[in-house]
Every structure is written in C-alpha cells, then in structure tokens.
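Have your viewer ready, and we can go through the packing topic by topic.

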Amino acid sequence: MKQQILAAAAYPLIVFPLAIIWHLVLFKDRYMSFGYFEGEPNIAVGLASMGIQGAVLAAIYPMFRFGRSGLRRAVTFAALLGLFFWTSHVLALVAKQNVPQAGSFILMETLYLCLQFGLFALALGLIFRGAGRPSVTPA
C-alpha cells in the first residue's frame, strides 16, 4: 500500500511541473498557434486530473504482471498506458477539432508524453523495486 501511495503522489509531482514548463514556458507560443488553449488554462483542474490519473495508475500497476519485475515491467506498463493516453489525448483532439499544423502538434505531444511516461516509468521502477520477488532467506 505504501508503494501505491508513493506512486500516486509521484505521478502529479512529475507531470505537473513538466506540463507547466513544456506547455506554458518552453513551447507556449507553439501551443497557442495550435489552438491548444482557449483563454487561460485552469491549473487547479489540471492538477486535480493529474492526481486522479496518478491514483488510478498506481492502483492498476500492482495488477500488471506482464513481463519481468523491476524497471522493465515499469517501462512496459508506462509505454502501454502512455500509448492509451496518446490516443485519447493527442489523436482524439486532432479528430475532434481543426488543429492548425496537426503534424507538428502530434509530434510535440508525442515527445511530451514520451518524456512524461518515461519519467513515470523510472519512478515506478524505483518505488516498486524488489516488489513481487520471492524473498530469499539464508539456510
């Protein structure tokens, strides 16, 4: 349970500053040209959504038994869930509205989500290291 709480907290602690820096500092003008923002972003709702996402991902991760334990498992999990987020976030936005420079938008968000879920995979690997391994006691 402690690991799930740490993982749930790690997600917004990683994603929130990354999202602010990526979307509102480094590439704000690009995202404005994509029509990504209408008015000011609602930071509180964004943070709340990340908190919910982190709790859900942390709850699902212990049930994910694909492959080995450790970092490889975390990377596989993050890649699969990252792909799901990518289709529901990036492709769905392009499908729902006319995004100027859609190819550039898809590339920028793909890079962002790779960074987001790559960092989250590292956090999961560290938080859950050793979890699921049989304990070995000396004879």
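Helix axes are lines fitted to C-alpha atoms, for helices over the stretch in contact, and the angles between N-to-C directions run from 0 to 180 degrees. Helices themselves (H or I, at least four residues) and strands (E, at least two) are DSSP runs, numbered from the N terminus. This is a predicted model, where local features need pLDDT of at least 70 and side-chain atom pairs count only at pLDDT 80 or more, while totals for chains, interfaces and linings use all residues. Residues are numbered from 1 along each chain as its sequence is written, and side-chain values use heavy atoms, with hydrogens and water left out.

**Overall picture**

- The protein has 5 helices and 0 strands, in the order α-α-α-α-α along the sequence.
- Its C-alpha atoms fill a box of roughly 65 × 25 × 25 Å, taken along the principal axes.
- Of the 139 residues, 33% count as buried (buried means under 20% relative accessible area, exposed over 50%, partly exposed in between, with a 1.4 Å probe and protein chains only).
- Among contacts between residues at least 6 apart in sequence, 72% join residues at least 24 apart; contact means heavy atoms within 4.5 Å.

**Helix packing**

- Two packed helices are described by the angle between their axes and the distance between the axes.
- α3 and α4 pack at an angle of about 140°, with their axes 12 Å apart, and are therefore oblique to each other (under 35 degrees counts as roughly parallel, over 145 as roughly antiparallel, 65 to 115 as roughly perpendicular and the rest as oblique).
- Where they meet, Q53, L57 and I60 of α3 face F77, L81 and F85 of α4.
- α1 and α3 also pack at about 140°, with their axes 8 Å apart, so this pair is oblique as well.
- The contacts between α1 and α3 include Y11, V15 and F16 on the α1 side and L47, M50 and L57 on the α3 side.
- The crossing is right-handed for α3 and α4 and right-handed for α1 and α3 (left-handed if the near helix is turned anticlockwise from the far one by less than a right angle, right-handed if clockwise).

**Aromatic residues**

- The whole structure holds 15 aromatic pairs: rings of Phe, Tyr and Trp (its six-membered ring) pair if their centres lie within 6.5 Å, with planes under 30 degrees apart counted as stacked, over 60 as edge-to-face and the rest as tilted.
- One of the pairs is Y61 with F77, edge-to-face at 4.9 Å centre to centre and 70° between the planes.
- Y61 lies in the loop between α3 (43-60) and α4 (71-96) and F77 in helix α4, so the pair ties together parts that are 16 residues apart in sequence.
- Y61 is buried, at 1% relative accessible area, and F77 is buried, at 1%.
- The charged end of R73 sits over the ring of Y61, 4.2 Å from its centre (NZ of Lys or CZ of Arg must be within 6 Å of the ring centre and within 35 degrees of the ring normal).
- Y11, F84, F85, F117 and F120 form one aromatic cluster.

**Two single residues**

- V15, in helix α1 (residues 2-26), is buried at 2% relative accessible area.
- Leaving aside residues up to four places away in sequence, V15 touches M50, Y112 and Q116.
- Q101 lies in the loop between α4 and α5 (102-127) and is partly exposed, at 42%.
- Most residues other than glycine have a negative phi. Q101, although not a glycine, has a positive phi of about 55°.
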